[in-house]
Amino acid sequence: MKPLLGILFLIVCGCTNQIELNTPKEQFIITGNTYHEFQGYQSRSSSSKDFPQGSQISFFSKGGINCENVILTYQGNCWQHDLKWEKAPQAAHIQAYYPEYPSNTSELYDSNGVLKDILSCNQQVNYQSNINLSFSHLFALLNLEAKPYINSEIKQIGICTSKSITAIEPYSGDIVWNEQPSSMQYLDKREDGVYSFIIPPTNALDISIELVFLNGEKKTLPIQTRKYLHNKKYSCQLISKEHEPGIYSVEDMIAFAHLFNGKEYNGRTLDEFATTIQGKTTYKLYKDLYFTEEDNKRMQGIGHHDSNDGIEFSDCFDGMGHTIHQLHLSFDYPIKNYNFALFYKVGKNGIIKNLTLEKCSFNGQHYRYFESTIGIIVAKNEGLIEHCQCISSAIKYTNHDVIMGGIASRNLSSGIIKDCASIQNDFNSQLNYKFHAGGICGYNHGEILNCFAANCTYAPRTYSGGISSNSTSDSKTINCYTYQLEKEIPQGGISYECSTSSIIQYCYYIQKNIIGDSKKKLPYTYKYNPERMTVYIKDAYNNWPLIKVLNDWVDNKAPISYPQYHFSAWTESQDPPIILEVP
């Protein structure tokens, strides 16, 4: 009988101990006095600062902790409070603000009508856990940078936004909008020429800038409608055409193309468009350009190559985030230039960046004895193409021996294409021959990094791949994805042909095969679910959001492999559902 009593005693003791372990721990500690600075567009990382002793925040919580606008003070190493966990086990959904929560609209703006900078922290905390707070900016930051020759004449700078904020939902941090424009918000002259405005983050915001000069004159300037994200920093330079060389019109672009190709144009010179600093010449595009039918007749591709001469682009062309619309270039047999795009060839020191081509087309006739390379932005690239997009554009060519690419036709061994997108482009040959086409480039001999292609169409009988048609020896395609590539593209979700020495890693696709001409297994490449936009990572034995794994490479792998570059982060959109953040 004694052994049985001993067993019963142990069982009862065990149950008693288990009950004691489930007793709620009402008290908890709140730490974390860190907040992140505004992030620049080129990187998701940002520096951080600490709240000083005595700082106060507003604290809201629902669920496992229930409170409304409790003021917490930072003393020692934690936020002082007398809050407790509820007895019912559930997570706490917390929201904190610094400075204290603005209870009405007037508290969102200062006496000059300028939106205040508010830090917030939104977290879900497991039951009975301690809390560690980390704050970021609830709104966005716009820096207007006035050149010295402008700033010397300024008395004030003001901005007006097409939307304003009436309130903040206290428990979620969601913004309550007023669809009416804000009043003009003014800042007095700053000697450094930098005017910083807090602006509301929204998918489509119009901003008007008003310059008030010392002589009493006023000038209003619009900023193109765009998306602004919370905790992000944006910059806009205030310049004058009379002082800053560059391309400001379609006529300027036509003149630039002629002059670069060595042809005279109405007495103009390349110096009108060029800025040279430390030996590097940059041509900047300061306006969106809309080409007419007459304009297209006078426009020509930049650079050329024939049997007698060749002109490649070895400078920097900075699109400054602007778009060239409805550029249509064509060439007929017989032709001398069978390498064709907006830029014939980017040399090893050349850079094309921050440029979008939309609703453009490149058409050519059959040129029997030569292989043709046709791109939308560049035919042959030996340099750097970054932050460029081609949207709703087309290449049509009546030759079976042709290589087509959305960004470039051939990305040569020293060429790098990074942070680029090819969206809704059409690759077509009117002859019933097979030809090569890739969403980003036709033949990749170099590196394609952090790019995507979406909703592109390919004519029948195409050696086609989502990113490239051919990944040749020692080429690299890394951290790219493709989405809804349509019609006749049975071969490769990423590439049609793939050399044994080429590297394709961290690439994601929908098609049956990642490459079309081989059953070769490629490590760190995955097929993803287009309905859920998730990917099963074998090493982690789990499904992850595709945007998370793309940004993981940008944040954690790229700084090790490519420390010399900044890469754009990925963000959610409608169609396609994941895009690159625009500079």
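Tutor: Strands β10 and β13 pair in the antiparallel sense over four bridges. Two strands count as paired if DSSP finds at least two bridges between them. A strand here is a DSSP run of E with at least two residues, a helix is a run of H or I with at least four, and both are numbered from the N terminus. This is a predicted model, in which local features need pLDDT of at least 70 and side-chain atom pairs count only at pLDDT 80 or more, while totals for chains, interfaces and linings use all residues. Residues are numbered from 1 along each chain as its sequence is written, and side-chain values use heavy atoms, with hydrogens and water left out.

β15 and β16 form a hairpin with four residues between the strands, where Gly216 takes a positive phi near 95 degrees.

Put together, this is an open sheet of four strands in the order β13-β10-β15-β16. β13 (185-188) and β16 are at the edges with a single partner strand each, so one side of each has no neighbour in the sheet. From one strand to the next, the twist averages 20 degrees. Such angles run from 0 to 180 degrees between N-to-C directions, with axes being lines fitted to C-alpha atoms, for helices over the stretch in contact. As for what holds strands together, strands of a sheet pair through backbone hydrogen bonds, either parallel or antiparallel.

Next, the helices. In α3, 10 of the 11 residues are buried. Buried means under 20% relative accessible area, exposed means over 50%, and partly exposed lies in between (1.4 Å probe, protein chains only). Among the buried residues of α3 are Met253, Phe256, His258 and Phe260. The elements that cover them include β19 (280-284), α4 (293-298) and β23. Just after α3, Gly262 has a positive phi of about 85 degrees.

Contact requires heavy atoms within 4.5 Å.

Ile547 belongs to helix α5, where it is buried along with others, including Leu550 and Trp553. α5 (residues 546-561) has 16 residues, so at 1.5 Å a residue it should span 22 Å, and its end C-alpha atoms are 21 Å apart, which agrees. The expected span is 1.5 Å times one less than the number of residues. α5 bends by about 35 degrees at Asp555, and Pro559 follows within four residues. The bend at a residue is the angle between axes fitted to the seven residues ending there and the seven starting there.

Finally, the loops. Asn455 sits in the loop between β42 (452-454) and β43 (457-458) and is buried, at 11% relative accessible area. Beyond neighbours within four places in sequence, its contacts include Tyr483, Asp575 and Pro576. The peptide bond from Asp575 to Pro576 is cis, with omega near 5 degrees, and Pro576 lies in the loop between β55 (570-572) and β56 (578-580). Another cis peptide bond runs from Tyr98 to Pro99, with omega near -5 degrees.

His387 is not a glycine, yet has a positive phi of about 55 degrees. His387 lies between β31 (384-386) and β32 (389-391) and is buried, with a relative accessible area of 8%. Tyr506, also not a glycine, has a positive phi of about 50 degrees, and counts as buried at 17% relative accessibility.
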